[in-house]
Amino acid sequence: MDESWRRDLALARYGWIAPLLRITERGRLQAELETLTRQMLTLPDGSVRRFSVRTLERYLASYRNGGVDALMPEARDDQARPRALPQAVIDRAAELRREQPARTVEQLMAMLEAENMALPGTLKRSTLSAHLRKAGALRKPVAGKKRVFQRYSANQVHEIWQCDVCDSLRIPDPDAKGQMRVARLVAVLDDYSRYNCYAAYYFRENLPSLEDALKKAITAHGTPEIFYCDNAKIFQSKQLNEVAARLKFEIRHTKPYQPQGRGKCEKMFGYVERSFRPEAELLVRQGKIASLDDLNRYFAAWLETMYHQRVHRTLKKRPAAVMATHGKLRLVDPESLQQAFLWSRTAKADKTACISVQGNTYEIEPVLAGESVELRYDPYDLQQIQVWLKGKRYADATPLKLRRHTDKRVVPPPETEQPLGSPSSFLDSLVNGVPGRGRETGGISYESAPEGEETP
């Protein structure tokens with residue numbers, strides 16, 4: 001059992017028990033545990049199974065005592081036995097599944113045994129499931145009835161954060177010789193107040209962009225209880241699951257083909273496209289928005305003035321005013337926050353106790369020569385890399401040859417800011433401050449926004 005599998009299993013176990021961590025009443029906790037035992041829970045290899053109340057209670061106790069690392073299974077000392085299926089059995093199982101896509105793995109196993117393709121009790125559900133997925137013979141769910149959706153809102157500030165991405169306007173990219181590229185808005189929205197805990201434009205819809213937005217939101221507001229998002233690849237990453245486990249919040253995904261739950265984000269995006277985007281496109285044509293930094297400075301000023309300070313149609317209050325009613329924040333100290341957002345990868349040390357990371361060469365402790373170790377590092381700084389093995393941290397890797405200082409998947413933060421043009425537009429007036437606006441927000445002076453205009 002390698003380090004990657006142990007970590008994936010720990011994160012899967014955390015995902016199962018995360019909704020139970022906030023429950024303090026013993027009776028309600030017992031009821032939720034019994035409900036969970038009736039559900040088929042998915043393991044990292046795609047297989048599903050049920051777990052007893054006692055097992056789930058043990059996972060809860062382990063996490064509360066030692067965090068996500070305590071959920072990792074003990075490393076196996078024995079040599080794993082091969083678990084292979086004859087290709088004829090796999091092909092026949094795939095043929096039966098394609099014949100009737102609604103057939104379950106259990107049904108396929110019974111049919112294979114009835115056809116004498118396999119001896120009773122020799123087929124493993126997880127193994128057959130993995131081979132069927134690899135063969136593309138996926139199960140088609142049985143069609144259900146049309147569902148009716150009701151409106152839902154969190155009960156308090158920072159209980160639920162919604163996160164989504166919206167493709168928006170095209171702006172110049174100085175790193176691509178001024179070529180026009182699509183800017184994508186990443187927003188972390190508080191469900192109760194409709195306040196953007198953080199929102200900014202990025203050129204890429206990838207994990208580094210999401211992590212940057214989430215990290216800045218947590219730095220400013222602490223952690224939510226639930227982080228609600230869709231099923232896009234960036235929201236399904238192991239790295240994001242590990243961040244949630246270490247900072248003790250739950251990731252909850254929208255059910256496939258049911259985007260209704262993210263309606264609040266969609267409403268906010270619609271308002272941004274109607275109100276901010278036309279003004280920003282004007283500044284692009286005037287040459288005043290010549291980079292992503294320019295766009296985000298204008299957007300930050302617009303967000304604080306035109307969105308957070310306008311009366312929300314449903315709340316009948318300003319999002320900023322509702323956000324101010326928050327209770328005790330779940331703040332995170334800077335060191336823990338930094339550790340939670342470290343990236344992780346596995347590398348095998350050679351006989352000289354050296355490892356390679358994206359062309360860089362590092363030396364680790366001699367006792368780790370020949371071992372597959374876990375590396376944790378800040379993608380924006382490859383100078384320092386932590387070395388872990390079986391839950392134990394060893395001395396940090398010593399750089400021997402540095403060719404890259406940042407991970408190739410991230411864009412280094414800009415070193416300088418480009419000056420803005422002279423005020424001659426609506427967004428210029430927001431960034432530079434309008435005379436008479438008295439309230440300070442993020443270093444820019446504003447007064448209370450008028451009551452007349454509403455946001456969605």
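The conversation below takes several terms in turn and sets values against definitions.

Modeller: This is a predicted model, in which local features need pLDDT of at least 70 and side-chain atom pairs count only at pLDDT 80 or more, while totals for chains, interfaces and linings use all residues. Residues are numbered from 1 along each chain as its sequence is written, and side-chain values use heavy atoms, with hydrogens and water left out.

Biologist: What makes the pair of F276 and W302 tilted?

Modeller: Rings of Phe, Tyr and Trp (its six-membered ring) pair if their centres lie within 6.5 Å; planes under 30 degrees apart count as stacked, over 60 as edge-to-face and the rest as tilted. The centres of F276 and W302 are 5.6 Å apart and their planes stand at 50°, so the pair is tilted. This pair links distant parts of the chain, with F276 in helix α9 and W302 in helix α10, 26 residues apart. Helices (H or I, at least four residues) and strands (E, at least two) are DSSP runs, numbered from the N terminus.

Biologist: Why is the pair of F299 and W302 called stacked?

Modeller: For F299 and W302 the distance is 5.8 Å centre to centre, with 25° between the planes. That angle is under 30 degrees, so the pair counts as stacked. F299 and W302 are three residues apart in helix α10, separated by about one helical turn. Together with Y201, Y271, F276 and Y307, they form one aromatic cluster.

Biologist: How do you know that the charged end of R376 sits over the ring of W388?

Modeller: A charge sits over a ring if NZ of Lys or CZ of Arg is within 6 Å of the ring centre and within 35 degrees of the ring normal. The charged end of R376 is 3.9 Å from the centre of the W388 ring. R49 likewise sits over the ring of F51, 4.3 Å from its centre.

Biologist: Why is N116 called exposed, and why does A353 count as buried?

Modeller: Buried means under 20% relative accessible area, exposed over 50%, and partly exposed in between (1.4 Å probe, protein chains only). N116 has a relative accessible area of 69%, so it is exposed. A353, at 3% relative accessibility, therefore counts as buried.

Biologist: What is the phi of N116, and what is that of A353?

Modeller: Most residues other than glycine have a negative phi. N116, in the loop between α5 and α6, has a positive phi of about 60° although it is not a glycine. A353, in the loop between β9 and β10, also has a positive phi of about 60° without being a glycine.
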